[in-house]
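Here's a quick briefing to keep beside the sequence and the 3D view. Take a look at the model first, then work through the points below.

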Amino acid sequence: MNSNFIAVEGPIGAGKTSLAKAISDHFHFHLLKEIVEENPYLGKFYENIDEWAFQTEMFFLTHRFKQLEDIQNHFLHWNKPVVSDFHMFKNLIFAHLTLRMDYYEKYAKIYSILTEDLPEPNMVIYIHADVDTLLKRIAMRGRNFEQSISPDYLKQLSERYDIFIEEFEREHPNVPILRIDGNATDFVNNEHDLKTILENVTFLLAKGANNR
Ligand SMILES: Nc1ncnc2c1ncn2[C@@H]1O[C@H](COP(=O)(O)OP(=O)(O)OP(=O)(O)O)[C@@H](O)[C@H]1O
Ligand SMILES: Nc1nc(=O)c2ncn([C@H]3C[C@H](O)[C@@H](CO)O3)c2[nH]1
C-alpha cells in the first residue's frame, strides 16, 4: 500500500472527528468516520456496562473490520488517500477496559485473526486532553446516551490510551505519531491552531514519501 492513510485517535470527545474532517477538507483525503448511532448496544452499554460490554465491543469490532476492508478495496488499493477518525487498535483499548478477563481473552484472539490482513495507517495523530475538557466537550455535543459517562470511566480510558500509544510507538517505529494537546489547541474555532497542525501533517507526509 503506497497511499497515505492517517488515523486520528484519542479518548471520547477529544476532537477526532472534527480534526479528521478538517484534514480531509484540506488534503482532499477520503474521510472514514466511525459508526456511532448505528450501534444498537451503545445506549444500553452506558446504562449497564458489565451487562452489554461484550455485545458492544463485538459490534464495533465487526463494523470496523468491514469499514477497513471497504477502504482497502475502494480507496487505498486505487491509491486514493484516506483519513479516519479511529484506528483499529482502539477496539483493544476499550475492550480491555470494559470486558471481564475471560471475555477479553476470547475477544483478543478474534481481534488478532480479523486484523491480520487489514490496511494499517502510516501516520497516527493522537489528541490527548484532561478529563474536565473531555466532559465539557461531551456535554456540549449533547448526545443523550453519553451524558451518563462517568469521570472515572473517562479517566481510566485516557490513562489506557496514554499507555497504549507509548507501546504502539515502541512497536511501530516507522509510523509517526503527531501528538496534540487538546486542552490548549482549539483546531475547531482557531484557524491559526488548525494551520499549525496541518503544516505538521504536511511535513510528516513529505518525510514519509521520501522514505518510501
Ligand atoms: N480542540 C478543540 N477545541 C474546541 N472544541 C473542540 C475541540 N475538539 C473538539 N471540540 C468540540 O468538542 C465536541 C466533540 O468533538 P468530536 O466529536 O470531534 O470528538 P470525537 O473525539 O470525535 O468524539 P467521539 O470519541 O465521541 O467520537 C465537538 O462539539 C467539537 O466541536
Ligand atoms: N465500548 C466502546 N467500545 C468501542 O470500541 C468504542 N468506540 C467508540 N465508542 C463510543 C465512545 C463514544 O460514546 C461513541 C463515539 O466514539 O462510541 C466505544 N465504546
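How many residues surround ligand 2, and which are the closest? There are 13 of them, with I12, V36, T56, F60 and F94 the closest; a residue is put near a molecule if its C-beta atom, placed from the backbone, lies within 6 Å of it. Keep in mind that this is a predicted model, where local features need pLDDT of at least 70 and side-chain atom pairs count only at pLDDT 80 or more, while totals for chains, interfaces and linings use all residues. Residues are numbered from 1 along each chain as its sequence is written, and chains are lettered from A and ligands numbered from 1 in the order in which they are written.

**Around ligand 2**
- Helix 2 (42-47), helix 3 (49-74) and helix 4 (90-98) each give at least two residues to this shell; helices here are DSSP runs of H or I with at least four residues, strands are E runs of at least two, and both are numbered from the N terminus.
- Helix 4 has the largest share, with 4 residues.
- Sorted by class, the shell has 6 nonpolar, 3 polar and 4 charged residues. Ala, Val, Leu, Ile, Met, Phe, Trp, Tyr, Cys and Pro count as nonpolar, Asp, Glu, Lys and Arg as charged, and the others, Gly among them, as polar.

**Around ligand 1**
- This ligand has 18 residues around it, and G15, K16, T17, S18 and R137 come nearest.
- Helix 1 (16-27) and helix 6 (131-141) each supply at least two residues of the shell.
- The class count is 5 nonpolar, 8 polar and 5 charged residues.

**The chain overall**
- You'll find 8 helices and 5 strands, running β-α-β-α-α-β-α-α-β-α-α-β-α along the sequence.
- An unreviewed UniProt entry annotates residues 6-202 as "domain: Deoxynucleoside kinase"; such annotations may be inferred rather than shown by experiment, and positions follow the numbering used here, with feature names shortened.
- Over residues 6-202 the chain is 57% helix and 11% strand, and the end C-alpha atoms sit 12 Å apart.
- The C-alpha atoms fill a box of roughly 50 × 40 × 30 Å along the principal axes.

**The nonpolar cores**
- The largest nonpolar core has 27 residues, and I6, V8, L19, I23, V83, I125 and I127 touch the most other members. A core is a set of buried Ala, Val, Leu, Ile, Met, Phe, Trp, Tyr and Cys residues joined through C-beta atoms within 7 Å.
- Strand 1 (5-9), helix 1, strand 3 (82-84), strand 4 (123-128) and helix 7 (151-171) each supply at least two residues of this core.
- A second, separate core of 6 residues includes L42, A53, A95 and Y107.
- Setting aside neighbours within four places in sequence, L19 is in contact (C-beta atoms, placed from the backbone, within 7 Å) with V8, I125, I127 and F187.

- The unreviewed UniProt entry marks D85 as "active site", and D85 lies in the loop between strand 3 and helix 4.
- D85 counts as buried because it has 23 C-beta neighbours inside 10 Å; the cut-off for buried is 20 or more other C-beta atoms within 10 Å, with 12 or fewer for exposed and partly exposed in between, C-beta atoms being placed from the backbone.
- Beyond four places in sequence, D85 is in contact with V8, K16, T17, A20, K33 and E34.
- Y126, in strand 4, is also buried, with 22 other C-beta atoms within 10 Å.
- Y126 and A14 are 112 residues apart in sequence and 9.2 Å apart in space, C-alpha to C-alpha.

Notes. Two residues are in contact if their C-beta atoms, placed from the backbone, lie within 7 Å.
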